[in-house]
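Biologist: I have the sequence and the structure open. Can we go through the packing together, one question at a time?

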Amino acid sequence: MAKVSIVCRGIDIYKTYWRGKIPVEALRGVNIEIKNNEYISIMGASGSGKSTLIHILGCLDSPTSGEYYLEDKLVSQYTDLELARIRNKFIGFVFQNFSLLPRLTALENVALPLFYAGVKKRERVEKAKHILNKIGLGDRMAHRPNELSGGECQRVAISRALVNEPKIIFADEPTGNLDSKTGAEIMEIFDYLVEEGNTIVTVTHDQNVAGHAKRIIKLKDGLIQHD
Amino acid sequence: MTNIIGKITLSFQTFKAHRLRSFLTTLGIIIGVTTVIAILSLIEGLNRSVASQIQSIGSDLVFLQKHPMVMAGPRNLEEIANRPDLTPDDAEAITRLSSVDVAIPEISQQASKIKYRDHEVAQTRVTGSDENYSRVNNRFVESGRDFTRDDVLHRRSVGIIGSYVASNLFPEESPVGKELNIRGHRIMIIGVFKEKGAFLGQSMDNFIAIPYTFYEKIYSQRRESVIERAFFGYSVDIKPVPGKIEKAIDEIRELMRRRHGLTFDKPDDFEIGTQQRLMEIYQNITRVGFVAIVAIAAISLVVGGIGIMNIMLVSVAERTREIGIRKAVGASNQNILLQFLTESIILALIGGIIGIIFGVLLARLVSVVSPLKAAVSFWMIVLGFGFSAAVGIFFGIYPARRAASLNPIEALRYE
């Protein structure tokens, strides 16, 4: 088991965005600390700011104010290029709608982060194959997303998040588009990944999904209500 | 390296998905490059043929004329018409210069028709000169004999015909010894010139050379109009001693000024030209055409480029989600920029390549159906390629930058 250390830390994070001329305060001073090998579920009703929070934690978005640190480095000081590298190698992201590229095969989708990491083609294929085999899609590698079921697509997306061996995995409503049985299968994968030593943060409004996590953060109106 | 290949493969995948759209987009470039290649190769073909024609007149000739070689712009025709005519005596005097090998008088007109039994030729040029005509003009008497000094001195009614006249008037028999009739004068054919070929579809062998003394008898009427007086008189063709062309020009000028009694403060009342000069004048004329073509091509390439920019902007908008996904898994702005830029460059290059192929085919077609001979050079293909790549870069950079600057989370939310 990896030693316990802080992977990321958000201090007094605010996020305001504009819907037309109306400011929307999605986050209003969130403090959060995520340690290595934690399994956290962020819960809240829709509009509570949970998606905004996970996007900021995943470096897809930046806070309006407040400080966000990844391994003690202030994210706002990174250049665009450094942020791209972080998204590529440090973070794995799983989306509700899978977000696979429709024209690429499962294998190519999984290998995409390796392409941007500058890995050679043969190695890319090898690594992507290895992960797909592990996740049980060994026989679906040449299929395109529209030839796969929802559960299979999400497993491809998880494989893609894992392929660069990130320090932390964020999953935004990973079971939101799946039936409950498939959703449960996906959650089992997350359980297994945590056992393997990964750090996972999921966002959900589903009590069953949150139940898998060891730590639950409840968000309401842009504030942490319960940790 | 793998990155470049990866990007190119990626681009082709996109084009395959939108085959018709990609083709229509490149149409502007295809048309632009086709035009450039076709017209450039025709101009080049023209240039080569003119160059070889000018050379075949005779190497390093100097021409002495009453009128300028090319009348560019409005000139005082009256002034030119009032200059003293050049004469065969001038040619003789010039021949005696130390830097000159030989000089001949030359005068010509077009005969409307020449007949022999049931055959006839039209627009045949009748040229009066002397016994050195073929020597100066790089002509060669193939059958029969050349002129002699006596033919000229005794004003003999003899002529040497070009091969075009020979083959059209005498398809089955030898022309030597036959008689032709021009303006009521009988001319005995004593020889046939070797063929020189066609120039811009016009035969250079449709002419008949006769002694200038005899020519003066046939065309004896006075030249009345300004144009006739300015242009229809004698000129002198001079073959200088090899390597002394500059000295020859100086000596001829000095001699002619003396013969025309010009004082030092008066300008020349004759014109001296060289083949070099002729070539330059010709090149100046084609350069104008060349610039016009480049301008037209530039316009069509800009139009083509805007087409590419337009379709790339559409493509960026359509693929906003894709861009978001790529950025989420670690694509940098530069990665996205290069992806879209590669696409627009390849799109433009495909248009360029198709344009080059069409242009070459079009030039070939023109060569087959018309007397213009196209000459496709390597530099034109490089030019076509370079132009289309430049268009791809120039008009692709804005859409690509737009794609690259998209915020990942907004791109991901885009439906």
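Biologist: How are α11(B) and α13(B) set to each other: roughly parallel, roughly antiparallel, roughly perpendicular or oblique?

Modeller: Bear in mind that this is a predicted model. The axes of α11 (residues 275-318) and α13 (residues 333-369) of chain B come within 11 Å and cross at roughly 140°. Only angles over 145 degrees count as roughly antiparallel, and 65 to 115 as roughly perpendicular. The two helices, α11(B) and α13(B), are therefore oblique.

Biologist: What is the hand of the crossing of α11(B) and α13(B)?

Modeller: On the α11(B) side, the contact uses B:Gly304, B:Ile308, B:Met312 and B:Val316. From α13(B) come B:Phe340, B:Glu343, B:Ser344, B:Leu347, B:Ala348 and B:Gly351. By class that contact has six nonpolar, three polar and one charged residues. The crossing of α11(B) and α13(B) is right-handed.

Biologist: Which residues of α5(A) make the contact with α3(A)?

Modeller: The crossing of α3(A) and α5(A) is right-handed. α3(A) brings A:Ala106, A:Asn109, A:Val110, A:Leu112 and A:Pro113. Across the two helices, the contact has five nonpolar, two polar and one charged residues. From α5(A), the contact residues are A:Val156, A:Ser159 and A:Arg160.

Biologist: Which strands stand at the edges of the open sheet in chain A?

Modeller: Six strands make up this open sheet of mixed pairing, in the order β6-β7-β8-β3-β9-β10. Each edge strand has a single partner, so one side of it is left without a neighbour in the sheet. The edge strands of chain A are β6 (91-94) and β10 (223-226).

Biologist: What does the twist average from one strand to the next?

Modeller: The order of the strands in chain A is β6-β7-β8-β3-β9-β10. From each strand to the next, the twist averages 25°.

Biologist: Which strands of chain A does helix α1(A) touch?

Modeller: Helix α1 (residues 50-57) of chain A packs on the sheet. Its direction makes about 155° with that of β8(A).

Biologist: How many bridges join β3(A) to β9(A)?

Modeller: Strands β3 (residues 39-43) and β8 (residues 200-204) of chain A pair in the parallel sense over five bridges, with A:Tyr39 partnered by A:Ile200 and A:Ile40 opposite A:Val201. In β9(A), A:Ile217 is the bridge partner of A:Ile42. β3(A) and β9(A) also run parallel, and the bridges between them number four.

Biologist: Which residues of β3(A) are buried?

Modeller: Burial takes 20 or more other C-beta atoms within 10 Å. Five of the five residues of β3(A) pass, so the strand is largely enclosed by the rest of the structure. Both faces are covered: one side by A:Tyr39, A:Ser41 and A:Met43, the other by A:Ile40 and A:Ile42.

Biologist: Is A:Asp221 buried, exposed or partly exposed?

Modeller: A:Asp221 is in the loop between β9 and β10 of chain A. Its phi is near 50°, a positive value in a residue other than glycine. Most residues other than glycine have a negative phi. With 14 C-beta neighbours inside 10 Å, A:Asp221 counts as partly exposed.

Biologist: Where does B:Asn138 lie?

Modeller: B:Asn138 has a positive phi of about 55° although it is not a glycine. This residue is partly exposed, with 15 other C-beta atoms within 10 Å. B:Asn138 sits in the loop between α5 (133-136) and β4 (141-144) of chain B.

Biologist: Which element gives the largest share of the side of chain B that touches chain A?

Modeller: In the contact, 16 residues of chain B meet 22 residues of chain A. Elements giving two or more residues on the chain B side are α1 (2-17), α12 (320-328), α13 and α15 (408-413). That side divides into eight nonpolar, seven polar and one charged. The largest share, four residues, comes from α1(B).

Note on methods
Residues are numbered from 1 along each chain as its sequence is written. Chains are lettered from A and ligands numbered from 1 in the order in which they are written. This is a predicted model: local features need pLDDT of at least 70, side-chain atom pairs count only at pLDDT 80 or more; totals for chains, interfaces and linings use all residues. Axes are lines fitted to C-alpha atoms, for helices over the stretch in contact, and angles run from 0 to 180 degrees between N-to-C directions. Angles under 35 degrees count as roughly parallel, over 145 as roughly antiparallel, 65 to 115 as roughly perpendicular and the rest as oblique. A crossing is left-handed if the near helix is turned anticlockwise from the far one by less than a right angle, and right-handed if clockwise. Two residues are in contact if their C-beta atoms, placed from the backbone, lie within 7 Å. Ala, Val, Leu, Ile, Met, Phe, Trp, Tyr, Cys and Pro count as nonpolar, Asp, Glu, Lys and Arg as charged, and the others, Gly among them, as polar. Two strands pair if DSSP finds at least two bridges between them. A residue is buried if 20 or more other C-beta atoms lie within 10 Å of its own, exposed if 12 or fewer, and partly exposed in between; C-beta atoms are placed from the backbone.
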